[in-house]
Amino acid sequence: TGRIDKSYPTVCGHTGPVLDIDWCPHNDQVIASGSEDCTVMVWQIPENGLTLSLTEPVVILEGHSKRVGIVAWHPTARNVLLSAGCDNAIIIWNVGTGEALISLDDMHSDMIYNVSWNRNGSLICTASKDKKVRVIDPRKQEIVAEKEKAHEGARPMRAIFLADGNVFTTGFSRMSERQLALWNPVCPFQPPRPAHTCAFGDSSIRYFEITDESPYVHYLNTFSSKEPQRGMGYMSKRGLDVNKCEIARFFKLHERKCEPIIMTVPRKSDLFQDDLYPDTAGPEAALEAEEWFEGKNADPILISLKHGYIPGKNRDLKVVKKNILDSKPTANKKCDLISVPKKTVDAASVQNEAKLDEILKEIKSIKDTICNQDERISKLEQQMAKLAA
């Protein structure tokens with residue numbers, strides 16, 4: 001928490017600024033990043049944190065022609081990752097094989113501001129600079145619903161799916177007044193009521209409750225601080241302290257530090273508060289990537305927080321690149337699009353790839369050994385310091 005030493009290890013494999021990151025919902029050690037260098041990289045963070053700077057990603061995903069500003073993991077399918085770039089394209093990857101299996105490159109004529117999966121990952125919604133909000137079925141590559149001028153202001157807007165399937169947007173009016181709106185995409189994409197204005201200031205967080213009854217969006221309170229935020233992270237529900245009735249934890253990025261903002265509900269009882277902690281999405285994926293690409297859907301696998309969340313052992317992310325020689329010709333399907341051009345592979349190159357994998361495994365093994373030795377040295381030095389004192 002707060003400022004860290006300049007020599008602190010970092011994840012630093014991109015050749016350009018990192019524009020977006022997203023922690024994997026099914027593996028607490030895996031994170032994806034998108035960058036101005038037009039690539040997406042997926043990283044496996046050591047279980048005890050970084051002792052040396054991490055420069056080698058598990059996989060590099062190349063397919064965008066311009067900078068990548070958005071990355072978002074699928075909520076229920078393992079190893080499915082979405083990315084969106086300034087080439088106005090959305091690519092959905094199977095991280096387990098390093099392949100781009102769906103490419104949506106003709107649905108947006110202008111910059112994509114944000115992308116959000118729905119609860120079971122069957123649909124995505126997007127907000128764009130053309131002032132349109134779109135609901136898209138990515139596997140059918142079809143626009144399911146579209147709303148023009150969701151907010152008429154020229155400044156950026158955002159759209160997210162709620163758990164009930166409605167779409168929540170924030171934006172601006174023509175007079176640059178802040179607005180929020182709740183939309184039902186099933187009923188010709190019309191809002192249940194006129195959009196409300198809100199003042200989500202640069203140094204405040206406003207929160208609302210959304211219900212099924214009018215007026216649908218209910219203002220609750222505002223958290224204010226002196227310094228404006230440069231960015232904001234959000235802790236998963238299973239990372240909250242249920243013993244302290246913690247209901248939300250934000251990570252506010254200042255110019256030079258990161259500040260946790262903790263929100264609690266005061267309760268006199270020490271018992272578990274069922275009303276504050278309904279079952280929430282756990283770390284187990286409901287589907288494998290291949291099942292989702294084949295058309296299956298599944299809701300998140302829920303867990304109870306009654307006894308607090310006890311993390312299990314995360315399995316390593318393994319990427320198995322497919323051998324093009326083993327693949328059989330298939331009928332052209334939209335969801336079989338590969339953005340990265342395939343090259344003819346001969347037997348010699350296959351052998352070279354196998355040798356390369358072997359070398360990379362050995363390098364990883366040596367690096368792990370070095371990290372363990374560094375930790376041991378650090379502990380011994382601490383013991384020496386105590387004895388010397």
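## Nonpolar cores

In this predicted model, the largest nonpolar core holds 22 residues, of which I90, I92, V115, I124, W292 and F293 touch the most other members. A nonpolar core is a set of buried Ala, Val, Leu, Ile, Met, Phe, Trp, Tyr and Cys residues joined through side-chain atoms within 4.5 Å; buried denotes under 20% relative accessible area (1.4 Å probe, protein chains only). At least two residues of this core come from each of β5 (68-73), β6 (80-85), β7 (90-94), β8 (99-104), β9 (112-117) and α1 (289-293). Helices (H or I, at least four residues) and strands (E, at least two) are DSSP runs numbered from the N terminus.

Beyond its neighbours within four places in sequence, V115 is in contact (heavy atoms within 4.5 Å) with I70, L82, A84, I90, I124, C125 and T126. A second, separate core of 16 residues includes V59, L61, V68 and W73.

## A three-stranded sheet

Strands in the order β19-β20-β21 form an open sheet with antiparallel pairing, where pairing requires at least two DSSP bridges between two strands. Its edge strands, β19 (231-234) and β21 (258-264), each pair on one side only. Seven bridges link β20 (residues 246-253) to β21 in the antiparallel sense, and L253 stands opposite C258 in β21.

## Overall composition

The protein contains two helices and 23 strands. Of its 389 residues, 37% are buried. Among contacts between residues at least 6 apart in sequence, 46% join residues at least 24 apart.

## Basis of the values

Residues are numbered from 1 along each chain as its sequence is written. Local features need pLDDT of at least 70 and side-chain atom pairs count only at pLDDT 80 or more, whereas totals for chains, interfaces and linings use all residues; side-chain values use heavy atoms, leaving out hydrogens and water.

How values were computed. Buried means under 20% relative accessible area, exposed over 50%, partly exposed in between (1.4 Å probe, protein chains only).
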